[in-house]
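I opened the model to look up its helices, their packing and a few single residues. My notes are in the order of looking.

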Amino acid sequence: MDFPNWHDRPNDSSEPVNKQNVLDGKNFLKLADHFITLANTKNKTIKATDIKYVMLYATARYTSHVGKNILKVEDQEKLIQHMGSQFIDMLRENFSDPNL
């Protein structure tokens with residue numbers, strides 16, 4: 001099974017979110033912002049250095065659920081490697097963002 005790269009998506013779509021084959025870029029960032037807002041809210045009482053690991057754990061847990069129960073991947077290591085490389089790519093993109 002081949003896995004898509006996180007950035008392989010259209011920038012925008014006229015389709016409603018629940019009808020899109022792949023979430024478009026605009027709604028992808030909007031949804032990510034919801035999680036960032038939650039993290040920022042929690043950061044009022046919990047250190048950011050802890051929140052970053054909580055978010056990573058939640059991502060790992062949810063990705064494992066999707067891999068096992070939705071995609072039904074046979075080669076878990078292939079998905080693990082793919083997601084690791086996607087995370088590295090996302091980190092590099094965000095570190096290079098002058099507005100961050």
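**Entry 1: the whole chain.** I noted first that this is a predicted model. I looked up the secondary structure and found three helices and zero strands. Read from the N terminus, the order of elements is α-α-α. I took the extent of the C-alpha trace along its principal axes, which is about 40 × 35 × 25 Å. The protein has 100 residues, and 14% of them count as buried. I also looked up the accessible surface: it comes to about 8500 Å², with 58% belonging to carbon and sulfur atoms. For contacts between residues at least 6 apart in sequence, 36% join residues at least 24 apart.

**Entry 2: α1.** I checked the length of α1, residues 25-42. At 1.5 Å a residue, its 18 residues should span 26 Å, and the end C-alpha atoms are 26 Å apart, so the two agree. Which residues of α1 are buried? I found G25, N27 and A39. The buried residues of this helix pack against α2. At the start of α1, I found a side-chain oxygen of D24 within 3.1 Å of the backbone nitrogen of K26.

**Entry 3: α2.** I listed I51, T63 and G67 as the buried residues of α2. What do they pack against? The buried residues of α2 pack against both α1 and α3. Just after α2, I noted that K72 takes a positive phi of about 55°.

**Entry 4: V54.** I looked up V54, which is found in helix α2. Is V54 buried or exposed? Its relative accessibility is 56%, and therefore V54 counts as exposed. A39 itself is one of the buried residues of α1.

**Entry 5: α3.** For α3, residues 76-95, the 20 residues should span 28 Å at 1.5 Å a residue, and the end C-alpha atoms are 29 Å apart, which agrees. I found L79, H82 and Q86 buried in this helix. Seen down the axis of α3, the buried residues fall within an arc of 65°, so they line one face of the helix. I recalled the general rule that an α-helix has 3.6 residues a turn, so residues three or four places apart point the same way. I then looked at the face turned away from the buried side of α3, which carries the exposed residues I80, Q81, R92 and F95.

**Entry 6: Q20.** I ended with Q20, in the segment before α1. Its relative accessible area is 13%; the cut-off is under 20%, so Q20 is buried. Which residues does Q20 touch, not counting those up to four places away in sequence? I found S13, E15 and N27. N27 is one of the buried residues of α1. A polar atom of the Q20 side chain lies 3.1 Å from the backbone oxygen of E15. The side chains of Q20 and D24 are joined by a polar contact of 2.6 Å. D24 also reaches the backbone nitrogen of K26 through a side-chain oxygen, as noted under α1.

Definitions and conventions:
Residues are numbered from 1 along each chain as its sequence is written. This is a predicted model: local features need pLDDT of at least 70, side-chain atom pairs count only at pLDDT 80 or more; totals for chains, interfaces and linings use all residues. Side-chain values use heavy atoms; hydrogens and water are left out. Helices (H or I, at least four residues) and strands (E, at least two) are DSSP runs, numbered from the N terminus. The expected span of a helix is 1.5 Å times one less than its number of residues. Buried means under 20% relative accessible area, exposed over 50%, partly exposed in between (1.4 Å probe, protein chains only). The arc is that of the directions from the helix axis to the C-beta atoms. Contact means heavy atoms within 4.5 Å. A polar contact is a pair of N or O atoms within 3.5 Å; within protein, one must be able to donate a hydrogen and the other to accept it, and residues adjacent in sequence count only if both atoms are side-chain atoms. Accessible areas come from the Shrake-Rupley method with a 1.4 Å probe; for residues, only the protein chains shown count as cover.
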